[in-house]
Amino acid sequence: MSQPVQKPILIVNGPNLNMLGTREPSVYGRDTLDDIRKLALAKAKSLGLGVDFRQSNSEGELVGWVQDARTTAAGIIVNAGAYTHTSIALLDALQAAELPVIEVHLSNIFRREDFRHHSYVSLAATGVICGLGAKGYELALEGMAAILETKSRGRA
Ligand code: DQA
């Protein structure tokens, strides 16, 4: 029998990440979100994965997308921006999704202000990548490919 087509990975970006490129380049680098989207798409293609890449400044919209992912995605890569540190609603949605979750941050949040050291998202995440800039998204896709591979072997 032919293999079912794998669902895409939802890559979801939170508030102010649409400002990348001009926003505090000394912290976040010069890559725009569109540059990161292109990098992620190319990496996903090389891994045989599909990607649904999104950004919103609205907590409610992010929660809605994560809810939808439960049925439409194979896994979630999330950079929730400042909602990382504040949003129990997003944490609840990620836990309800029952999908592999990898958390990404461009900056090393542990080298920054104390309030960035706590992440609600981490409570739902299999892994966390931070401080490696745009490369973190590529590494997260590699990690997700490995998790999905292990999962599918478990089902075989
Ligand atoms: C961020 C880190 C967060 O603390 C911050 O609020 C962001 C970006 C990062 O990618 O480094 O908006 O998630």
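Which side chain has an N or O atom 2.6 Å from an oxygen atom of the ligand? I looked this up in a predicted model, where local features need pLDDT of at least 70, side-chain atom pairs count only at pLDDT 80 or more, and totals for chains, interfaces and linings use all residues. Residues are numbered from 1 along each chain as its sequence is written, and side-chain values use heavy atoms, without hydrogens and water.

I found that the side chain is that of Ser-107. Taken alone the ligand exposes 320 Å², of which the protein buries 99% (accessible areas by the Shrake-Rupley method with a 1.4 Å probe; for residues, only the protein chains shown count as cover).

I then noted two further distances: a polar side-chain atom of His-85 lies 2.7 Å from an oxygen atom of the ligand, and a backbone N or O atom of Leu-106 lies 2.8 Å from an oxygen atom of the ligand.

Next I listed what surrounds the ligand (residues with a heavy atom within 4 Å of it), and among them are Pro-15, Asn-79, His-105 and Ile-109. I counted this shell as 5 nonpolar, 5 polar and 2 charged residues (Ala, Val, Leu, Ile, Met, Phe, Trp, Tyr, Cys and Pro are nonpolar, Asp, Glu, Lys and Arg charged, and the others, Gly among them, polar).

Definitions and conventions: Polar contact = N/O pair within 3.5 Å; in protein donor to acceptor, adjacent residues only side chain to side chain.
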